[in-house]
Amino acid sequence: MRRMGPAEQLFGEMTFHDAFESWIGKMVLHHETMISDAHYISERTEWDYRQYYRALEKFFGALRLGEIHTGHLHVYQQKRAFKDGPWDRQAGANRIRKEVDMLTRMMREIGTYTDDIKKKQHRRLRLVESDIPRAMTPEEQTRWLTKAASSDRFSLIHQYSIAGLQTTMSTNEMRGLLIGDISLYQRTVQVRMANAKNRYRIRTIPLETQEVLWAFEALIWRAKKLGAGGPHHFLFPFREALNKFDPTRQMSDSGLKKRWQEMRVEADLLWLRPYDLRHSGITRMAEAGTPIAVIMSFAGHMTLRMQQHYTAISMSSMRKHAASTWSSGVPAPMGLVPARVAFR
């Protein structure tokens with residue numbers, strides 16, 4: 001086993017918790033009073049790393065970095081995959097891969113790789129091609145929105161749902177919205193690089209119905225009521241304590257959790273997640289026969305598999321409209337030979 005240098009020995013003695021804070025601190029630039037667009041990594045990447053850290057810390061938090069070896073990684077993968085530990089939910093293969101990859105990257109850059117990890121003797125889980133997320137049917141969507149509109153208790157869920165459906169934004173894109181990203185006058189909402197998944201998801205989305213304009217106006221009014229005072233404040237402020245919000249920080253990923261769960265029970269849609277609004281909105285567009293290029297201008301970049309999925313929905317819808325338009329009341333040309341005969 002190779003000997004560590006003084007700096008590596010110092011990091012090797014750190015717990016995973018302390019080492020992560022030191023590592024991430026060198027990857028971001030912060031200032032007490034000034035804001036800059038200078039970053040080593042994007043704000044979205046930093047947010048992702050901190051989410052991975054929260055899961056890893058539950059297992060590795062008390063371990064010194066120099067002690068971690070492939071055996072730990074294997075046990076972590078096993079326990080994380082079957083929720084055999086302190087995690088709130090079972091994790092899929094792709095999520096576990098990202099968490100372990102971040103840990104090994106951190107160890108490599110700090111210089112505390114043990115020899116077995118350095119030689120990549122740990123096994124990586126097989127990458128799983130993600131399934132197309134489930135979308136609400138038109139009937140389920142109507143039931144969800146009707147139930148949400150029926151009580152002031154669910155007003156935030158109602159407004160959030162309309163905005164999510166008609167813009168097809170993801171949950172991270174919604175949470176990262178600044179008030180200044182929304183122009184009710186121009187009827188647009190902008191997805192910036194800071195909260196886009198990648199550069200292909202940067203886009204400006206039109207707001208074309210009175211319902212979605214009402215939803216964003218109500219959300220802006222709510223943000224201002226919670227302390228937001230300018231375009232640089234978040235549309236969904238972070239909740240610090242009961243009735244105390246910080247508009248300079250975005251809502252956490254569990255900010256809607258309690259009300260959302262209540263709403264799922266009320267509407268009898270126990271499977272529905274906030275992210276499913278995006279795919280329900282895209283599905284409605286595809287069902288209306290919207291070309292895939294237009295859908296992607298709303299939703300941003302999609303995987304090839306997703307493009308094929310929504311193109312098939314769009315084509316099926318266009319065939320249905322064409323059939324209903326031309327199958328009755330239109331006289332056939334004289335001498336027409338049926339296609340099934342002509343091409344025998």
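**Helix packing and the sheet**

Modeller: The axes of helix α8 (residues 155-167) and helix α12 (residues 276-287) come within 7 Å and cross at roughly 50°. Helices here are DSSP runs of H or I with at least four residues, and strands are runs of E with at least two, numbered from the N terminus. Axes are lines fitted to C-alpha atoms, for helices over the stretch in contact, and angles run from 0 to 180 degrees between N-to-C directions. The model is predicted, with local features needing pLDDT of at least 70 and side-chain atom pairs pLDDT 80 or more, while totals for chains, interfaces and linings use all residues. Residues are numbered from 1 along each chain as its sequence is written, and side-chain values use heavy atoms, leaving out hydrogens and water.

Colleague: Which residues in α12 does α8 meet?

Modeller: Contact means heavy atoms within 4.5 Å. On the side of α8, the residues are Y160, S161, G164 and L165. Their counterparts in α12 are L277, R278, S280 and G281.

Colleague: How many charged residues does the contact of α8 with α12 have?

Modeller: Ala, Val, Leu, Ile, Met, Phe, Trp, Tyr, Cys and Pro count as nonpolar, Asp, Glu, Lys and Arg as charged, and the others, Gly among them, as polar. The contact of α8 with α12 holds three nonpolar and four polar residues. Its number of charged residues is one.

Colleague: Which residues in α8 does helix α7 meet?

Modeller: The axes of α7 (residues 138-149) and α8 come within 8 Å and cross at roughly 145°. From α7, the contact involves Q141, W144, L145, A148 and A149. In α8 they meet S155, I157, H158, S161, I162 and L165.

Colleague: Which strands stand at the edges of the sheet?

Modeller: The open sheet has three strands in the order β1-β2-β3, with antiparallel pairing. Two strands pair if DSSP finds at least two bridges between them. Each edge strand has a single partner, so one side of it is left without a neighbour in the sheet; these strands are β1 (182-183) and β3 (203-206).

Colleague: Which residue in β2 stands opposite I182?

Modeller: Two bridges join β1 to β2 (residues 188-191), and these strands run antiparallel. Opposite I182 stands V189.
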